[in-house]
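Dear colleague,

Here is the structure I promised to hand over. My notes follow below it.

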Amino acid sequence: MKISDARFVSSSTRVQQKPKQRLPEFAFIGRSNVGKSSLINMLCGNSKLAMTSSTPGKTKVVNHFIINDRWYLVDLPGYGYAKMNQKGREELAAVIRDYIFNSEEMVMLFVLIDSRHDIGKIDLDFISDLGENGIPFALIMTKADKQGPNVVAAQVEKDKQILLESWEELPPIFVSSAQKGTGKEEILNYIENILATL
Ligand code: GTP
Ligand code: MG
């Protein structure tokens, strides 16, 4: 799939406020600063679409982007930002949960993991919650340009072993770099294949 048209539609903090036009939604989540907004911009070929920042906690709302007038790409706030105060964290968690568990149009949730580190407890807890609630998800290992390909491949293997300690089956796993465009084709083809089944 090629993205020929990507436009910001709206921001919301509760699922009732999302766009009225109902289309399949593909959402992106992960720890704060993992590279969600950068990946979205890379997929859409527009570096100014989603706001990125080196300061964690940049995205605090659910942002809908309409793609090729056919589906929504959804940029979610990050979870697990330690420096945010308790109230801020609880509010963000409520925004995230409300969208993930109540958005009927969400067909796939991409969970981003930093490819430089072992998949962490916070990520494992988060996806275990998804599993218990029957939410379909795939993993994307981000920032692959920061290390050599062999190191990234070894990290992916290690993460698979960690996942297999609590999961019988592995989810789809993609490797990406927003800087180099790695993973763009694979992720967009995966989305296209899901759209074709709807
Ligand atoms: P929040 O909205 O704060 O949760 O962050 P986010 O997950 O949307 O991350 P964002 O895309 O804003 O990126 C965070 C930082 O990581 C920025 O400084 C980006 O430039 C950098 N970054 C993101 N993706 C990549 C990548 O693939 N390669 C490299 N080298 N840097 C990246
Ligand atoms: Mg962001």
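**Ligand site**

Ligand 1 has 22 residues around it, and Lys 36, Ser 38, Lys 58, Asp 145 and Ala 178 come nearest. A residue is near a molecule if one of its heavy atoms lies within 4 Å of it.

This is a predicted model, where local features need pLDDT of at least 70, side-chain atom pairs count only at pLDDT 80 or more, and totals for chains, interfaces and linings use all residues. Residues are numbered from 1 along each chain as its sequence is written, chains are lettered from A and ligands numbered from 1 in the order in which they are written, and side-chain values use heavy atoms, with hydrogens and water left out.

Some polar contacts to the ligand (pairs of N or O atoms within 3.5 Å):

- Lys 36: a polar side-chain atom lies 2.7 Å from an oxygen atom of ligand 1.
- Gly 35: a polar backbone atom is 2.9 Å from an oxygen atom of ligand 1.
- Asn 33: a polar backbone atom is 3.1 Å from an oxygen atom of ligand 1.

**Sheet**

Seven strands form an open, mixed sheet. The order is β1-β3-β4-β2-β5-β6-β7. Strands are DSSP runs of E, at least two residues, and helices are runs of H or I, at least four, numbered from the N terminus. Two strands pair if DSSP finds at least two bridges between them. β1 (6–12) and β7 (173–175) stand at the edges with a single partner strand each, so one side of each has no neighbour in the sheet. Neighbouring strands are turned by 25° against each other on average, direction ignored.

β1 and β3 (residues 62–67) run antiparallel, joined by six bridges. Ser 11 has Asn 63 as its bridge partner in β3.

**Helices**

Helix α2 (residues 86–102) packs on the sheet. It touches β2 (25–30), β3, β4 (71–75) and β5 (106–114), at about 145° to β2. Contact means heavy atoms within 4.5 Å. Angles run from 0 to 180 degrees between N-to-C directions, and axes are lines fitted to C-alpha atoms, for helices over the stretch in contact.

Helix α3 (residues 121–132) lies across β2, β5 and β6 (137–142), running at about 165° to β5.

The axes of α2 and α3 come within 11 Å and cross at roughly 35°. On the α2 side, Ile 96, Arg 97, Ile 100 and Phe 101 make the contact; on the α3 side, Phe 126, Asp 129 and Leu 130.

Best regards

Terms used
A polar contact is a pair of N or O atoms within 3.5 Å; within protein, one must be able to donate a hydrogen and the other to accept it, and residues adjacent in sequence count only if both atoms are side-chain atoms.
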